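Thanks for asking me to look this one over. Here are my notes, in numbered points, to read alongside the model.

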Amino acid sequence: MLKIHQEPIIQRIKSKVAQQKGVELYIKREDLIHPFVSGNKWRKLKYNLEEARAKGLKTIATFGGAYSNHIYATAAAAKEADFLSIGIIRGEELANKSLNKTLQFAIENGMQLKFVSREEYRKKSGSEFIQKLNNELGDIYLIPEGGTNSLAIKGCTEILDNSTKEFDYICTSAGTGGTLSGLIVSSKDHQKILGFSSLKGEFLAKDVEDLVYNYKGTQKKNWGINTNYHFGGYAKTNDELIRFIKQFERDYSILLDQVYTGKMMYGINDLIQTGYFKSGTKILAIHTGGLQGRTALLSSDRS
Ligand SMILES: *Cc1c(COP(=O)(O)O)cnc(C)c1O
């Protein structure tokens, strides 16, 4: 139902640091999978849209902030698969402002936006709020914030396949941990799955443990979460990160974003440099996409 635009390829990143330390670094270009439903969002939406269709539902509703990659991707995916879509956006005050590029794109793709207060938004997974939505909007297929549920995890298990089984480490950036959970579920026992949290805080490990367990009772120990590279928290950035991303883009002609993939690549590079991976290790980084969220700091000058 959702079409693959380009099969994700695996590319070698021949960095000086990797060569010095005798490790091999590769990147799987999930960002190429679709021009608008990029990376892990394509994986997470695939089975959810199939489920909505199977249930005979015509409208997809989901949640997000004003810059959300998930809102952007859901709008495009719903349009392509012939669903109506509703985006419930955090921040009542935004209703009276001109829309940013993310929300503009969502509207252009037919998404209806509903702005709610931060307080109301916090209650969004409660049964009362959901009942109210159903009353207001009719029969809808509801996808949680960030798109993470069991069907999303199922979609993310498909990021790994025959072509990835030789890698020792699989790395991904993490927000809700849905993508990381999919990778854990489908990993080989000899592999280690490493998530780089874009958010400050230590809650993610417990969330992922639950997500993995709730997915067919899976119990695996071959994974970890690194919380050292959030750069101050979600959507926070600094000059060093921006410089790193620009240099990476110049060296390898692969774009990164400053919210997720940039922090992961910075983290991987730093771990290689500090000797975290032993010589001979083969590392695969997953490029989860999200390039719609690149800051103007990255897009304008390339110096
Ligand atoms: C949404 C997003 C993530 C986070 O995915 P989770 O499954 O919520 O952990 C990572 N990278 C990019 C580019 C994203 O857009």
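1. Let me begin with a cut-off: a residue is called buried when its relative accessible area is under 20%, and exposed when that area is over 50%. Ser68, at 11% relative accessibility, therefore counts as buried. Please keep in mind throughout that this is a predicted model.

2. Why start with Ser68? The UniProt annotation "active site" covers Ser68, and the entry it comes from is unreviewed. In the model, Ser68 sits in the loop between β3 and α3. The side chain of Ser68 reaches the backbone nitrogen of His70 at 3.1 Å. Leaving out residues up to four places away in sequence, Ser68 touches Thr102 and Gln292.

3. Thr102 deserves a look of its own. Thr102 belongs to helix α4, which spans residues 101–108. Is Thr102 buried or exposed? With 5% relative accessibility, Thr102 counts as buried. The side chains of Thr102 and Gln292 are joined by a polar contact of 2.8 Å. Again not counting residues up to four places away in sequence, Thr102 touches Ala66, Tyr67, Ser68, Tyr72 and Gln292.

4. Next, the sheet that includes β3. Four strands make up an open sheet, ordered β5-β4-β3-β6, with parallel pairing. β5 (111–116) and β6 (141–143) stand at the edges with a single partner strand each, so one side of each has no neighbour in the sheet. From one strand to the next, the twist averages 20 degrees.

5. Strand β3, residues 59–64, pairs with β6 in the parallel sense over three bridges, and Thr62 stands opposite Ile143 in β6. Helix α3 (residues 69–80) packs on the sheet and touches β3, β4 (84–90), β5 and β6. The direction of α3 makes about 170 degrees with that of β3.

6. Now the nonpolar interior. In soluble globular proteins, nonpolar side chains tend to be buried together. Here the largest nonpolar core has 29 residues, and the members touching the most others are Phe196, Met265, Ile268, Ile272, Phe277 and Ile283. At least two residues of this core come from each of α1 (16–21), β2 (24–28), β7 (169–174), β8 (192–197), α10 (239–252), α11 (261–273) and β10 (282–286). The largest share, six residues, is supplied by α11.

7. Setting aside neighbours within four places in sequence, Met265 is in contact with Leu25, Ile27, Phe244, Phe248, Leu256 and Ala285. Another core lies apart from this one; it has 20 residues, among them Ile159, Phe167, Leu183 and Leu204.

8. β7 pairs with β8 in the parallel sense over six bridges, and with β10 in the parallel sense over three bridges. Tyr169 stands opposite Lys192 in β8 and opposite Ile283 in β10. β10 also pairs with β2, in the parallel sense over five bridges, where Glu24 has Lys282 as its bridge partner.

Note on methods: Residues numbered from 1 in each chain as written. Predicted model: local features only at pLDDT ≥ 70, side-chain atom pairs only at ≥ 80, totals over all residues. Heavy atoms only, no water. Pairing = 2+ DSSP bridges. Axes fitted to C-alpha atoms, helices over the stretch in contact; angles between N-to-C directions. Contact = heavy atoms within 4.5 Å. UniProt positions renumbered as here; feature names shortened; annotations may be inferred. Buried < 20%, exposed > 50% of the residue type's maximum accessible area, 1.4 Å probe, protein only. Polar contact = N/O pair within 3.5 Å; in protein donor to acceptor, adjacent residues only side chain to side chain. Core = buried A, V, L, I, M, F, W, Y, C linked by side-chain atoms within 4.5 Å.
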